[in-house]
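Please consult the sequence and the structure shown below while reading.

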Amino acid sequence: MTGHTLFDTAIGECGLAWGPRGITAVRLPGPMRFQPAPAEPPPAVRAAITRVQALLSGVKDDLADIELDPTGVPEFNLRVYAVTRAIPPGEVLTYGAVAQRIGAPGSAQAVGRALGRNPYPIIVPCHRVMGADGRMVGFSAPGGTTTKLRMLAIEGAADPNGQEALF
């Protein structure tokens, strides 16, 4: 079964699409286009929506066990997404640190490009990845870095150097 649905969150209306292999896309507030038709979400998708809503309301949940459909996603990006999914709520890494963890030191820009193409924001928490020295750079979702900052504030994120909350 495939489909998509829209749902309210603390940051605005989000969308989620699914297929037989798992979640295929997540959309943050803003203009949304989905390929599958609107449908009633199956139980696993309803559970994922409830958890996304809770996370965006401040509940600590890494969402790491939500099934994603990796069809068409390049292998490099999948490696980046695996590391990014392991960043706990309220914590951040730099693009360079993600590059190190996937065994590709010096590829921070490629990590940034992969996260810019992330089809599953929130579930693959690309908002938890920062520029060097904690700089707020790049966020391709609607609202850009303002949305990124808002999501990090909800999570009470600390900077990459272990300082107190960023916000």
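## Strand pairing and salt bridges

Strand 1, residues 3-9, is mostly covered, with five of its seven residues buried; buried denotes under 20% relative accessible area, exposed over 50%, and partly exposed the range in between, with a 1.4 Å probe and protein chains only. The model is a predicted one, in which local features require pLDDT of at least 70 and side-chain atom pairs count only at pLDDT 80 or more, whereas totals for chains, interfaces and linings use all residues. Residues are numbered from 1 along each chain as its sequence is written, and side-chain values use heavy atoms, with hydrogens and water left out.

Helices (H or I, at least four residues) and strands (E, at least two) are DSSP runs numbered from the N terminus. Strand 1 runs antiparallel to strand 2 (residues 12-19), and seven bridges join them; strands are taken to pair if DSSP finds at least two bridges between them. A hairpin of two residues connects strand 1 to strand 2. Within this pairing, His4 lies opposite Ala17 of strand 2.

A salt bridge is defined as a side-chain nitrogen of Lys or Arg within 4 Å of a carboxyl oxygen of Asp or Glu. By this rule there are four salt bridges, including those in the table.

| Asp69 | Arg21 | 3.9 Å |

In the salt bridge of Asp69 with Arg21, the closest N and O atoms are 3.9 Å apart. This pair links distant parts of the chain, 48 residues apart: Asp69 belongs to the loop between helix 1 (43-55) and helix 2 (75-85), and Arg21 to the loop between strand 2 and strand 3 (22-27). Asp69 has 10% relative accessibility and therefore counts as buried, while Arg21, at 49%, counts as partly exposed.

Asp61 lies in the loop between helix 1 and helix 2, and Arg51 in helix 1, 10 residues apart. Asp61 counts as buried because its relative accessibility is 18%; Arg51, at 23%, counts as partly exposed. Arg51, Asp61 and Asp65 are linked in a network of salt bridges.

Glu155 is in helix 5 (residues 144-155), whereas Arg128 is in the loop between helix 4 (108-116) and strand 5 (129-130), 27 residues apart. Both Glu155 and Arg128 are buried.
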